[in-house]
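Subject: Structure handover

Hello,

Here is the structure I promised to pass on. Please open it alongside this note. My findings follow below.

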Amino acid sequence: MNQEVLMSVDILIVGAGPTGLLLAAQLARYGIKPRLVDKNPEPSKTSKAIAVFARTLEIFDHLGIAEEAMKRGRKLNQFNFYADRKRIVNLPLDRLDSFLPLVLCLPQSQTEDILGRLVENLGVKIERSVTFTGLKQDADGVTATLCHPDGREEHCRASWLIGCDGARSTIRQEAGLVDEGANIPGLFILADAETNWSLSPNEVHIFLNSDGVFAVFPLPEENYWRVIADLPPDRSLPEDPDLKVFEQLAHERSRLETQLTNPLWTSTFRIRQRMVGKCRAGRVFVAGDALSSHSPVGGQGMNTGLQDAYNLAWKLALVIQNQARAELLDSYQAEREPISKSLLAATGLATRAITVRNPIFTQARDRIAKFATSFESVQQRIRNTVSELNVNYRNSPIVQENHPLPIHLHPNEPSLRDWWDFRTQPKAGDRAPDVMIETVDGAKRLFQVLSDLKHNLLLFGGKVAQKVNCAKLSQIAQEVEEKFRDRIDVHIVLLNSLIPEELEWFKSILLDPQGKCHHRYSATGECLYLIRPDGYIGYRTQPADVSKLWAYLQKINLFESVDEMHSVSLSR
């Protein structure tokens, strides 16, 4: 076998599924061209994951592909749960805390196609039929062994190696990262096929009974549905089950009389509930299914992998561009591991709940579900949780907030009421709220103004409209821009309907005359928010205090060197 060392790269990504593609695209947007390889000769042709949730669509919006995704997909209006063929839960899906308040049915093959075109448009080539077989790493980088289809063996040197190579990840194994967990007993079968039943084509229907679950999801193609059912764990079926099996289950569990034809895909699967103990080994990271694999109930898998990639991308970019110390990368483990643990627990519990066959337990489950979801607050929590809008990093070591109790009660200090209001949501680590705001170019969503390739500093004037207040915010804005123009975009947010004369020089004044933005950010008093490139609140403080901002930036290693930190300290 021929051996060859072809190149040295900053980042090598193994696996060109949704997670690897989004990671490659976001890094390319930062100006970092990763190398992206995949062992498969062509993109996936099967639908696999079909749910795209609001938080993922928000990321797609940043990347400029949300419109294309929505054009190709089907908007789902609600989830319906039935017990003994009577509807017990009706969960509308359009009341989400997002400007993209929907669940989109979009086959994974389509998601990969959209992301793949984006990656290639950004100048990253997807190298197919290239198999990762091993690695060696040291303090400065990783040497990965890649096998090409002609038998040539290549040793690629990379500063960082990211494994996005699925639930049976070779990267994970070679890096010594151990995945542990308990698989859920049971056999599931699915089919994507054409049928003609009378169910609403924009709703999900899930039938629960003591014989098992029967769930149907409308696909974008007209009259096509995904059908999923569980079977006893000891039952054996061929890899591609016959459509007659699904027709029989439809009759037994839902009383739906139908004929399934023209299958796009059929499959059987068992549920693996596993995750790694660590997301990182030296200069090797894992993301997506390589990090955790779990029940498909709730449709969280692909969406969570995309969140992994979006979380890691901005941190890698800053480190590679020498704008942050490598210690910043430790936060990937700290932030994404709890999400995976929580997800494994939740999806495992949900799977056992919907597949339980004991009549006593099924009756109790159905009554509890019907009663709990009769409250709008419970429905809203379910919607926001499933759509990943409730994901937060409040316990992350790189988020922080300061709001000391005002003691002197100086006229320019926040009042006790301002202080109390600021203690409420959103907290540091929460997803930053998006809200309409007035700009010099007219009304826009806040996230249409903010950059997702930089940190964004929001300086809120609060309800006190005084020149001294504006002067302070102006001074902070000027100082931050002078020192971190390439890393932080600064925006001053005022309750005014017109830009004050003393701030006309500043390029980004956001006006909030109705106070909606101030309200969403609990900014009745003067304060500041630092929003990370991934759209989460990294830091907030009341009142606005630049010295505390410097201390926070030092803590999370957003400084190139000790000398730079020293220069900031001298300027204070």
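Leaving aside its neighbours within four places in sequence, which residues is R72 in contact with? There are L106, Q110, D113, I114, R117 and P220. Before you read on, note that this is a predicted model.

**Around R72**

R72 lies in helix α3, which covers residues 66-72. Its relative accessible area is 23%. Buried would need under 20% and exposed over 50%, so R72 counts as partly exposed.

Two of its contacts deserve a look. Start with D113: its side chain and that of R72 are joined by a polar contact of 2.7 Å. Then take I114. In sequence, I114 and R72 are 42 residues apart. In space, their C-alpha atoms are 9.7 Å apart. I114 is also on the contact list of R72.

**Around W197**

Is W197 buried or exposed? W197 is buried, because its relative accessible area is 10% and the cut-off for buried is under 20%.

Not counting residues up to four places away in sequence, W197 touches V216, W225, V227, L256 and T258. Look at L256 in particular. Along the chain, L256 and W197 are 59 residues apart. Their C-alpha atoms are separated by 7.3 Å.

**The protein as a whole**

Now zoom out. The secondary structure comes to 16 helices and 30 strands. Along its principal axes, the C-alpha trace spans about 75 × 65 × 40 Å.

How much of the protein is buried? Of the 572 residues, 56% count as such. The protein exposes about 24,800 Å². Carbon and sulfur atoms supply 50% of that area.

The contacts reach along the chain as well. Take those with a separation of 6 or more: residues 24 or more positions apart account for 72% of them.

Last, the charges. There are 67 positive and 71 negative side chains. The centres of the two sets lie 4 Å apart.

Best wishes

Methods:
Residues numbered from 1 in each chain as written. Predicted model: local features only at pLDDT ≥ 70, side-chain atom pairs only at ≥ 80, totals over all residues. Heavy atoms only, no water. Helix = DSSP H or I, 4+ residues; strand = E, 2+ residues; numbered from the N terminus. Buried < 20%, exposed > 50% of the residue type's maximum accessible area, 1.4 Å probe, protein only. Contact = heavy atoms within 4.5 Å. Polar contact = N/O pair within 3.5 Å; in protein donor to acceptor, adjacent residues only side chain to side chain. Areas by Shrake-Rupley, 256 points an atom, 1.4 Å probe, with all protein chains shown as cover. Lys, Arg positive; Asp, Glu negative; His and termini not counted. Charge placed at Lys NZ, Arg CZ, Asp CG, Glu CD.
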